[in-house]
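Dear colleague,

Here is the structure I said I would pass on. My notes on it follow below.

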Amino acid sequence: MTVPSTWKPDLPRTVAETLPAMPPAARDRLDAMVKAMKEEAPGQYSISRAVAPTDDERRGLSQRRRDLQQAMELGCRTAIEDRLHGFAFGFGTLRALDRETFAATLKVMVQAVDHLPYEAVSRACLAWTKGQIRWANCRFPPDAPELARAAEEALGQMRMEERELRIVLGAKLLPAPPPKPTQEERDRAAADATALIASIAEAGRRLDEDLSAAAHRGSNAEHLEHVRRFQAAETERKARIAEMRQRAASTAGDEAAPVRTNPAA
C-alpha cells in the first residue's frame, strides 16, 4: 500500500489520569510493616503496635487501597484506545504507517488488552516507554501478545499491593515490646546482681557453719547414747551374774542339810 506523502497520523487524544505510584518513603514504610507481619493462621496476621501504622498512616493506606480497588475495575474501551493511541504515537515505526495500517495496528493492540483494567494497560505502556520491562526490547513497539503480557504483569503488581494493604490494615495488634533498658538501669541491675551473689555466698557460708555444728552435736549425742546403751547392758549383765550366784548358793545349801529319820519306825 502506498503511503500518501501528505498524510500524518492523528495526534494522541487526551489520556485519563492514572493512579500515581506510592512515594518512596511510603513504599519503604509499607515494606517494613509487611516484613514485620506474623501469620497466626491462614489469612490471619498480627503485627506489633510498635510497627503498626499510626492513625494518620492508616487513613492514608485505606484511601490508597480504595483507589487501587477502583483502578482494578475494568476500564472502558474508549479510554484504553486513547491510551494506546498515545503510546503507539511515540514509536517512529508506527508513525510512519499509513492511516489504515496504523488504525488496524491500534485495533489489534486494543483487542489484546481491552479485558484488563485501564490502569494496568496504562502502567504497561509507561513501563515499556521507560524501558523497565526486562524481558522485552523496549526500543521497538510491542506486538499484541507482548502488550498483553506487560499489562497482566502490571495488574499482578496492583493486586499484590492491594493484598499488602489489606493485610496490614486488617492485622491484629500485638502489645509493643518493652523498651530497651537505659545505661542507668543496666548499671543498677548489675549492682543488684552482685549484691545477690554476695548474699547467696554468705547464706552458703552460714549454712556450712550450721551443718558443721549440727554434725558436731549429733556426734556427741550419738556418743552419749552409746554410753547409755553400754551402761544398761553392763547393769543387766551384772544382774544376771548375781542371780546365777544366788541360785548356785541356794542349790549348795540344800545339798548340805542332814537327812532326818522317822522315830516311829
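**Overall layout**

Along the sequence, the elements of the chain come in the order α-β-β-α-α-α-α-α-α-β-α. That amounts to eight helices and three strands, where helices (H or I, at least four residues) and strands (E, at least two) are DSSP runs, numbered from the N terminus. This is a predicted model, in which local features need pLDDT of at least 70 and side-chain atom pairs count only at pLDDT 80 or more, while totals for chains, interfaces and linings use all residues. Residues are numbered from 1 along each chain as its sequence is written, and side-chain values use heavy atoms, with hydrogens and water left out.

Of the 265 residues of the chain, 25% count as buried. Buried means under 20% relative accessible area, exposed over 50%, and partly exposed in between (1.4 Å probe, protein chains only).

**The sheet**

The three strands form an open sheet in the order E1-E2-E3, with mixed pairing; two strands pair if DSSP finds at least two bridges between them. Strand E1 (38-41) and strand E3 (172-174) are at the edges with a single partner strand each, so one side of each has no neighbour in the sheet. On average, neighbouring strands of this sheet are turned by 40° against each other, direction ignored. The axes behind such angles are lines fitted to C-alpha atoms, for helices over the stretch in contact, and angles run from 0 to 180 degrees between N-to-C directions.

E1 and strand E2 (residues 44-48) run antiparallel and are joined by three bridges. Across this pairing, Glu 39 has Tyr 45 of E2 as its bridge partner, and Lys 38 stands opposite Ser 46 in E2. The hairpin of E1 and E2 has two residues between the strands, and Gly 43 there takes a positive phi near 80°.

E2 and E3 are also joined by three bridges, but run parallel. Here Ile 47 stands opposite Leu 173 in E3. E2 is mostly covered, with four of its five residues buried.

**Helices H1 and H7**

The axes of helix H1 (residues 24-35) and helix H7 (residues 144-170) come within 10 Å and cross at roughly 60°. H1 and H7 are therefore oblique to each other (angles under 35 degrees count as roughly parallel, over 145 as roughly antiparallel, 65 to 115 as roughly perpendicular and the rest as oblique). Their crossing is left-handed, that is, the near helix is turned anticlockwise from the far one by less than a right angle; clockwise would be right-handed.

Ile 133 is in the loop between helix H6 (118-129) and H7. With a relative accessible area of 7%, Ile 133 is buried.

**Aromatic rings**

Rings of Phe, Tyr and Trp (its six-membered ring) pair if their centres lie within 6.5 Å; planes under 30 degrees apart count as stacked, over 60 as edge-to-face and the rest as tilted. By this rule there are two aromatic pairs. Phe 87 and Phe 91 are edge-to-face, at 5.2 Å centre to centre and 80° between the planes. Both Phe 87 and Phe 91 are buried. Trp 128 and Trp 135 are also edge-to-face, at 6.1 Å centre to centre and 80° between the planes. Trp 128 counts as buried because its relative accessibility is 1%, whereas Trp 135, at 29%, counts as partly exposed.

A charge sits over a ring if NZ of Lys or CZ of Arg is within 6 Å of the ring centre and within 35 degrees of the ring normal. Arg 149 lies over the face of Trp 135, 3.8 Å from the ring centre. The charged end of Arg 95 sits over the ring of Phe 89, 5.7 Å from its centre.

Regards
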